[in-house]
Amino acid sequence: MSVSNPEYSESTLLRPIEISHGAHHEHRGALPGLVVAAIGVVFGDIGTSPLYALKECFSVAHGIPFSAEAVYGVISMVFWAFTIVVSLKYVLFIMRANNQGEGGTLALMALALRSAPVGSRRAMTLMMMGVFGTCMFYGDAIITPAISVLSAVEGLEVLSPNLTTYVIPVTLAILTGLFLIQKKGSALVGKLFGPIMVTWFVVLGVMGIYQIISNPIILLAFNPLYAIDFMLNHALQGFIVLGAVFLVLTGAEALYADMGHFGIKSIRVGWFFLVMPCLLLNYFGQGAMLLLNPETAKNPFYSMVPDIFVFPLIILATLATVIASQAVISGAFSITSQAILLGFLPRMKIQHTSDKSIGQIYIPLVNWILFIFVIVIVLAFKKSENLAAAYGIAVTTTMIIDTVLAAIVMRVLWRWNAYLVTLVISAFLFVDAAFFTANLLKVLEGGWFPLLLGAICFMLLLTWYQGRQMMRERAVNNGIKLDSFMSSLLKHPPHRVEGTAVFLTAHVDYLPVSFLHNLKHNHVLHERVFFLKVSIWDIPRVRNEDRITLSEIEPNIFIVRAVYGFNETPDMSQIMHLIETKANLKFDLMSTSFFLSRDTIVPTDMKGMALWREAIFAWMYQNASRQSDFFKIPANRLVELGAKVEI
């Protein structure tokens with residue numbers, strides 16, 4: 001299915017290319033370095049879950065009554081949840097369904113869409129699933145920084161009950177500083193992320209071993225029968241605690257979403273050889289301690305170490321949660337950038353914070369919206385256990401969508417046996433559905449918040465997409481064929497002026513409105529004219545040798561198509577340079593003018609969206625960042641011509 005950005009770019013989600021079961025993107029550098037870097041970014045969210053997950057399982061407000069049987073059951077659930085959901089489903093299975101090395105729900109959606117006829121109801125359904133799953137990420141992205149930092153700072157309460165009043169102010173100060181430094185980029189401190197998180201996971205493992213040695217009987221929880229027996233004999237308690245157990249899995253989807261930065265191998269090595277063993281050691285250690293000292297259930301994580309080590313552990317935990325929050329914020333920037341290029345969001349101001357890494361970007365609007373919501377929910381929920389009650393339901397929704405999309409990729413693109421696909425997917429969906437159903441209990445306790453936020457995002461993304469489609473249809477229905485018009489025009493040409501004119505167009509077959517307005521009002525035609533269309537393909541990156549196609553339809557009249565991947569940013573100077581290289585056509589910037597259409601959207605009662613959605617689309621369109629800024633067009637060479645468009 002083609003997702004258009006009719007202003008001058010088009011996103012093609014069904015362009016036929018080779019489908020791969022593995023990453024094609026080359027990741028340079030030695031594997032140990034990539035593993036350390038991946039640990040610093042990919043595993044932050046799932047790696048800070050020990051701070052609050054078991055605490056929530058036995059909390060008075062939202063958990064279950066404490067008993068030895070419950071401890072064995074919960075720890076057994078944790079182990080098998082890690083094994084089935086993270087190790088089998090994501091690390092070994094879904095990560096194989098990548099878009100030239102890029103992961104995430106949008107990339108998986110692009111793969112699945114290749115199995116559906118363009119414009120079909122099935123294609124629209126798949127697209128809506130992918131977009132909805134992405135919107136759910138925004139819902140939980142609000143909670144992750146809040147619950148992570150808050151749970152780390154709550155260690156002050158373990159030091160002294162008198163420090164409780166400082167928890168909220170310290171949390172707010174840390175989060176404010178985190179969002180303030182986003183515009184500076186994370187390149188400088190990013191080099192420390194890996195070593196700090198490696199230290200964090202090693203400390204988690206050591207803490208667990210320390211407690212397991214004191215009570216090794218907890219290792220019996222490896223046996224899945226403890227989890228099964230607990231669920232069968234205490235069905236209601238087991239169902240309630242399942243929502244809390246899911247907290248250990250939050251962040252699992254990040255392993256798939258961030259694989260494009262580090263590659264499959266480095267993430268798998270990091271998970272199996274450091275992250276998973278250390279996390280399991282810590283959870284088993286917490287279980288061992290709870291069996292000996294049930295009173296530590298109030299804050300089991302910080303109770304694992306002697307008092308003398310609590311304050312250093314608070315410092316390390318705070319650093320780890322800041323890094324986890326940074327990864328989520330960077331992920332929000334990355335997903336927003338992809339959504340813009342794929343035609344699901346309006347243009348926004350995007351700043352590149354690193355000259356060396358194209359992936360390090362800063363989007364001010366997204367940053368400050370996230371900041372406001374994070375601060376509000378910290379003040380509203382006040383405690384990590386209250387936030388935990390709202391956490392997880394959006395992630396389970398995304399996980400189910402990932403499973404369904406992966407099933408389509410397996411059956412249609414990989415051509416796996418239908419019985420094998422049914423067997424594998426049914427097993428994954430059974431587990432996903434169990435966690436999703438358990439998390440539904442959280443809706444009234446705060447889970448409505450990420451769901452509402454995700455639903456609003458979904459409405460906005462779908463409104464933008466459908467509005468652009470309507471504009472595209474109007475342009476095609478009312479458009480003038482480019483080749484026939486230029487042929488007729490040059491038979492009786494207007495006055496030709498020196499220089500080059502570049503008209504950005506949404507359609508290579510139709511004249512852009514800016515050209516018609518320029519001809520109508522100025523009555524001139526430049527000696528050299530380029531009609532330039534920028535397209536976004538459904539792959540992360542496009543090679544420079546494949547980026548430009550050029551054809552001369554009349555003497556000195558050219559049609560140019562520039563192609564970018566959804567992880568790239570269009571750059572006019574690069575396009576001009578590639579045209580010079582490919583066609584041996586020289587550009588003098590001082591004699592080149594760029595013409596854009598600046599449309600004004602007028603909602604009407606014509607067939608299309610509801611009038612209120614058309615009004616929202618018009619508002620989004622009017623407030624989108626300038627096209628010239630997005631395409632990096634020099635301001636002193638720009639000519640904008642306005643037009644009204646009724647939808």
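## Salt bridges, cavity and nonpolar patch

The side chains of E545 and R543 form a salt bridge, with N and O 3.8 Å apart. The model is predicted. The salt-bridge count comes to eight. A search of the whole structure also finds one cavity of 30 Å³ or more, and a nonpolar surface patch covers about 400 Å².

**Salt-bridge network**
- R543, E545 and D546 are linked in a network of salt bridges.
- Both E545 and R543 are exposed.

**K632 and D571**
- K632 and D571 meet through their side chains in a salt bridge, at 4.0 Å from N to O.
- K632 sits in the loop between helix 26 (627-630) and strand 10 (638-646), and D571 in the loop between strand 8 (557-564) and helix 24, so the pair ties together parts 61 residues apart in sequence.
- K632 has a relative accessible area of 38%, so it counts as partly exposed.
- D571 is buried because its relative accessibility is 19%, and the cut-off for buried is under 20%.

**R626 and E640**
- R626 and E640 form a salt bridge whose closest N and O atoms are 3.0 Å apart.
- R626 lies in the loop between helix 25 (611-623) and helix 26, while E640 belongs to strand 10, so this pair ties together parts 14 residues apart in sequence.
- R626 is partly exposed, at 36% relative accessibility.
- E640 is also partly exposed, with a relative accessibility of 26%.

**Largest cavity**
- The volume of the largest cavity is about 50 Å³.
- Its lining consists of V502, F530, L532, M572, I575, M576, I579, F587 and F594.
- Strand 6 (524-537) and helix 24 (572-583) are the elements that each give two or more residues to this lining.
- Helix 24 makes the largest contribution, with four residues.
- By class, the lining residues are nine nonpolar, no polar and no charged.

**Nonpolar surface patch**
- L88, L92, F272 and F273 make the patch of about 400 Å².
- L88 is placed in helix 4.
- L88 is partly exposed, because its relative accessibility is 41%. Patch residues need over 30% relative accessible area.

Key. Residues are numbered from 1 along each chain as its sequence is written. This is a predicted model: local features need pLDDT of at least 70, side-chain atom pairs count only at pLDDT 80 or more; totals for chains, interfaces and linings use all residues. Side-chain values use heavy atoms; hydrogens and water are left out. Patches are made of residues with over 30% relative accessible area and no salt bridge: like charges are joined within 9 Å, nonpolar side chains (Val, Leu, Ile, Met, Phe, Trp, Tyr) within 5 Å. Accessible areas come from the Shrake-Rupley method with a 1.4 Å probe; for residues, only the protein chains shown count as cover. Buried means under 20% relative accessible area, exposed over 50%, partly exposed in between (1.4 Å probe, protein chains only). On a 1 Å grid over the protein atoms alone, a cavity is a set of points where a 1.4 Å probe fits but cannot get out, and a pocket is an open set with protein on both sides within 12 Å along at least five of seven lines; lining residues have an atom within 4 Å of a point. Grid points are joined across faces, edges and corners, and a volume is the space filled by probe spheres set on the points. Ala, Val, Leu, Ile, Met, Phe, Trp, Tyr, Cys and Pro count as nonpolar, Asp, Glu, Lys and Arg as charged, and the others, Gly among them, as polar.
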